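Biologist: I'd like to learn how to read a fold step by step. Could you walk me through one?

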Amino acid sequence: STPSETGDLPAVAYIRVASPSPADQSAAVHRQRDAITRAADLLGLTVTEEFIDLSYSGMTLDRPGLRGLLDRAATGHVGYCIVTQLDRFSRNPEHYADIDQALSDAGVAIVDASRRPGEETTR
């Protein structure tokens, strides 16, 4: 999707932290949120909703935040999903491909905040 195709649809954020430690989780959520906010600002987007999974491995799809994100995307009212890195979605290539396809089918552009300015949107 391109910005013209997604129009004024809102951006959402997805944050995943595998560590079970509350201190690690707090720091990691803060870091990811800051990176997502910077990417959103660069693209002129506003994050309207966050989906967060704490203590979940990137090797499983059984995550409440991820399910919530995919359900929200399926409504057709999301233009962008911003993540700090694509591995936040999944560390399993097949799972990532499924997530990418589901978001693509819903018309959601994935923004990888770790990419250089101008290259954030993956499709």
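Modeller: We'll take the sheet, then the helices, then the aromatic rings. Keep in mind that this is a predicted model.

Biologist: Fine, the sheet then. In what order do the four strands of the open sheet come?

Modeller: Read across the sheet and you get E2-E1-E3-E4, with parallel pairing. Strand E2 (47–54) and strand E4 (109–112) stand at the edges with a single partner strand each, so one side of each has no neighbour in the sheet. From one strand to the next, the twist averages 25 degrees.

Biologist: How many bridges join strand E3 to E4?

Modeller: Four bridges do, between E4 and residues 80–83 of E3, and the two strands run parallel. To find your place there, look for Ile82, which stands opposite Val111 in E4.

Biologist: Which strands does helix H2 lie across?

Modeller: Helix H2 (residues 22–43) lies across E1 (11–17), E2, E3 and E4, and runs at about 155 degrees to E1.

Biologist: And how do I describe two helices packed on each other?

Modeller: You give the angle between their axes and the distance between the axes. Here, helix H3 (residues 64–74) packs with helix H4 (residues 93–105) at about 30 degrees, with the axes 9 Å apart. Angles under 35 degrees count as roughly parallel, and H3 and H4 are therefore roughly parallel to each other. Their crossing is left-handed.

Biologist: Which residues of H3 and H4 make the contact?

Modeller: H3 brings Leu66, Leu70 and Ala73, while H4 brings Ile99, Ala102 and Leu103. Sorted by class, that contact has six nonpolar residues, no polar and no charged ones.

Biologist: Last stop, the rings. How many aromatic pairs does the structure hold?

Modeller: There are two aromatic pairs. One of them is Tyr14 with Phe89: the ring centres are 5.7 Å apart and the planes at 10 degrees, so the pair is stacked. Tyr14 lies in strand E1 and Phe89 in the loop between E3 and H4, so this pair ties together parts 75 residues apart in sequence.

Definitions and conventions:
Residues are numbered from 1 along each chain as its sequence is written. This is a predicted model: local features need pLDDT of at least 70, side-chain atom pairs count only at pLDDT 80 or more; totals for chains, interfaces and linings use all residues. Side-chain values use heavy atoms; hydrogens and water are left out. Two strands pair if DSSP finds at least two bridges between them. Axes are lines fitted to C-alpha atoms, for helices over the stretch in contact, and angles run from 0 to 180 degrees between N-to-C directions. Contact means heavy atoms within 4.5 Å. Angles under 35 degrees count as roughly parallel, over 145 as roughly antiparallel, 65 to 115 as roughly perpendicular and the rest as oblique. A crossing is left-handed if the near helix is turned anticlockwise from the far one by less than a right angle, and right-handed if clockwise. Ala, Val, Leu, Ile, Met, Phe, Trp, Tyr, Cys and Pro count as nonpolar, Asp, Glu, Lys and Arg as charged, and the others, Gly among them, as polar. Rings of Phe, Tyr and Trp (its six-membered ring) pair if their centres lie within 6.5 Å; planes under 30 degrees apart count as stacked, over 60 as edge-to-face and the rest as tilted.
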